[in-house]
Amino acid sequence: MTHFTGKVAVVTGAGSGIGRALSVELARRGARLAISDVDQVGLVETEALVKAAGAEVRADSLDVSQRELVVAYADTVAEHFGAVHLVFNNAGIAFTGSVEKMTFKDIDRVMDVDFWGVVNGTKAFLPHLVASGDGHVVNISSVFGLFAVPSQSAYNAAKFAVRGFTEALRQEMINGDRPVKVTCVHPGGIKTNIARNGEQVEGLDHDDLATSFDKLARTSPAKAANVILKGVEKNKARVLIGADAWVLDKFVRITGSGYQGLIRTFGKRNGL
Ligand SMILES: NC(=O)c1ccc[n+]([C@@H]2O[C@H](COP(=O)([O-])OP(=O)(O)OC[C@H]3O[C@@H](n4cnc5c(N)ncnc54)[C@H](O)[C@@H]3O)[C@@H](O)[C@H]2O)c1
């Protein structure tokens, strides 16, 4: 028996990276899974891995930014399994570029997926989590929800917003004696396809950005999934993943707004 045995867990953005690793790890620990993604090919691969780990799974094509579809999906999943206990709002996209160069549309897209996707998943599943009597919302922010860097304004905005939304929700659930735990996750660099799948403003080179990311990202998705699930078991308010996340969190707390000077210098050196 594990903390997750027999529980129904929803994972968005399950076709790659952290979402895939979470799905496989949850399957190994006895959870029943509802996985989804916009990437059908990646989703089918994850479904096969989850089945191989012996778990019951339903896989659905779902764009988390499509509110009505997410609400309908939540009802379908609850009906299919009879209950929903855990929701991992994990789907996300990266975008790189300065505020001056990015368009309103670029910013909208990042907010639609990285912020509204999390809000949609949380709101749509919350009644089902309450009904289960033993719910847990796990929202994936980022270290970029703890401090800002040049070229990531839209992503920073979305991830700071996820943090604020999630921290407020946790307090509401506690104050209201609601049977739903809430955890906000801040990964450092995780070796996934996020940069390769990402987009950027004109003038920045996609491959250069992806290569730089690959050098910085040190933690494996499997390790990230284990850290997240340990945090869920312990009902942590905040989960940091990777030594980089721990160091940067401390650095920002110690320096206050002073962190911006050092990060700006790093960004300038890297052409951002
Ligand atoms: N990799 C990192 O270093 C890192 C660091 C901090 C936070 N994160 C966050 O972790 C989460 C997972 O990212 P990852 O690194 O595994 O990236 P990834 O690109 O490997 O996986 C993200 C998945 O989300 C899916 N997705 C994208 N848009 C979607 C949409 N509109 N609806 C449904 N699915 C969608 C993609 O198809 C992909 O399968 C994201 O929220 C990301 O911002 C990642």
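**Exercise 1. How far is an oxygen atom of the ligand from a polar backbone atom of Ile18?**

Let's work through this predicted model together.

Step 1. Start at Ile18: a polar backbone atom of this residue and an oxygen atom of the ligand are 2.8 Å apart.

Step 2. Now look at Asn90, where a backbone N or O atom sits 2.8 Å from a ligand oxygen.

Step 3. Finish with Ile190, which also has a backbone N or O atom 2.8 Å from an oxygen atom of the ligand.

**Exercise 2. Find which residues around the ligand come nearest, and which helices supply the shell.**

Step 1. The ligand has 31 residues around it, and those that come nearest are Ser16, Asp37, Tyr155, Ile190 and Thr192.

Step 2. At least two shell residues come from each of helix H1 (17–28), helix H4 (104–132), helix H5 (153–175) and helix H6 (194–197).

Step 3. Sorted by class, the shell holds 13 nonpolar, 13 polar and 5 charged residues.

**Exercise 3. Describe how helix H3 meets H4.**

Step 1. Two packed helices are described by the distance between their axes and the angle between them.

Step 2. For H3 (residues 67–81) and H4, the axes come within 9 Å and cross at roughly 35 degrees.

Step 3. The crossing is right-handed.

Step 4. Now see who touches whom: H3 contributes residues including Arg67, Tyr73 and Asp75, while Trp116, Phe125 and His128 are among those from H4.

Step 5. The contact comprises 9 nonpolar, 3 polar and 2 charged residues.

Methods: Residues are numbered from 1 along each chain as its sequence is written. This is a predicted model: local features need pLDDT of at least 70, side-chain atom pairs count only at pLDDT 80 or more; totals for chains, interfaces and linings use all residues. Side-chain values use heavy atoms; hydrogens and water are left out. A residue is near a molecule or strand if one of its heavy atoms lies within 4 Å of it. A polar contact is a pair of N or O atoms within 3.5 Å; within protein, one must be able to donate a hydrogen and the other to accept it, and residues adjacent in sequence count only if both atoms are side-chain atoms. Helices (H or I, at least four residues) and strands (E, at least two) are DSSP runs, numbered from the N terminus. Ala, Val, Leu, Ile, Met, Phe, Trp, Tyr, Cys and Pro count as nonpolar, Asp, Glu, Lys and Arg as charged, and the others, Gly among them, as polar. Axes are lines fitted to C-alpha atoms, for helices over the stretch in contact, and angles run from 0 to 180 degrees between N-to-C directions. A crossing is left-handed if the near helix is turned anticlockwise from the far one by less than a right angle, and right-handed if clockwise. Contact means heavy atoms within 4.5 Å.
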